[in-house]
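Reader: I have this model open and would like to talk through its packing with you. Could you take me through it one topic at a time?

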Amino acid sequence: MAESGVGGAEEITQAKTESNGLGLFVRSLVGLDRGAAKTALAGFLDRKPLGANQIEFVGLIVDHLTEHGVMPASLLYESPFTDVSPRGPDGLFSLTQVEELIEVLDRLRGTAIAA
């Protein structure tokens, strides 16, 4: 980044600190490949029949990951997710399924941190 003139060492260090790691910073800039986001959620989708609202909700997660790269679980309880279900994932999925979604989001965050 510094060699390409995007920023100096000081700015890169600041971005790393503010983003809780350089991997998270870069992921927030470039997002996550749509295929990778779908693959990350494939295990969740494959094991259960889902209704239209559930599929739309998961699609919103894929959209967010594609644009932002990572997603804190707390966003599942904000718009646009609450536009599909006012209670967020709790209104559409069982507790076990919600926990599984959160695990997927945590895993994706972990891969960015490790980068």
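Reader: How many aromatic pairs does the count come to?
Author: The count comes to three aromatic pairs, where rings of Phe, Tyr and Trp (its six-membered ring) pair if their centres lie within 6.5 Å, with planes under 30 degrees apart called stacked, over 60 edge-to-face and the rest tilted. Phe 44 and Phe 93 form an edge-to-face pair, at 5.5 Å centre to centre and with 70° between the planes. This is a predicted model, in which local features need pLDDT of at least 70 and side-chain atom pairs count only at pLDDT 80 or more, while totals for chains, interfaces and linings use all residues. Residues are numbered from 1 along each chain as its sequence is written, and side-chain values use heavy atoms, with hydrogens and water left out.

Reader: Where do Phe 44 and Phe 93 sit?
Author: Phe 44 is in helix α3 and Phe 93 in the loop between α5 and α6, 49 residues apart, so the pair links distant parts of the chain (helices are DSSP runs of H or I with at least four residues, strands are runs of E with at least two, and both are numbered from the N terminus).

Reader: Buried or exposed, that Phe 44?
Author: Phe 44 is buried, with a relative accessible area of 2%, and Phe 93 is buried too, at 6%; buried means under 20% relative accessible area, exposed over 50% and partly exposed in between, with a 1.4 Å probe and protein chains only.

Reader: Which residues form the aromatic cluster?
Author: One aromatic cluster is formed by Phe 44, Phe 57, Phe 81 and Phe 93.

Reader: And what does Gln 97 touch?
Author: Leaving aside residues up to four places away in sequence, Gln 97 touches Phe 44 and Lys 48, contact meaning heavy atoms within 4.5 Å. Gln 97 belongs to helix α6, residues 95-114, and counts as buried because its relative accessibility is 16%.

Reader: Switching topic, at what angle do α3 and α4 pack?
Author: Helix α3 (residues 34-46) and helix α4 (residues 52-68) pack at about 150°, their axes 9 Å apart. Axes here are lines fitted to C-alpha atoms, for helices over the stretch in contact, and angles run from 0 to 180 degrees between N-to-C directions.

Reader: Which residues meet there?
Author: From α3, Arg 34, Ala 37, Lys 38, Leu 41, Phe 44 and Leu 45 meet Val 58, Ile 61, Val 62, Asp 63, Leu 65 and Thr 66 of α4.

Reader: Last one: what does Leu 75 touch?
Author: Not counting residues up to four places away in sequence, Leu 75 touches His 64 and Phe 81, and Leu 75 is partly exposed, with a relative accessible area of 22%.
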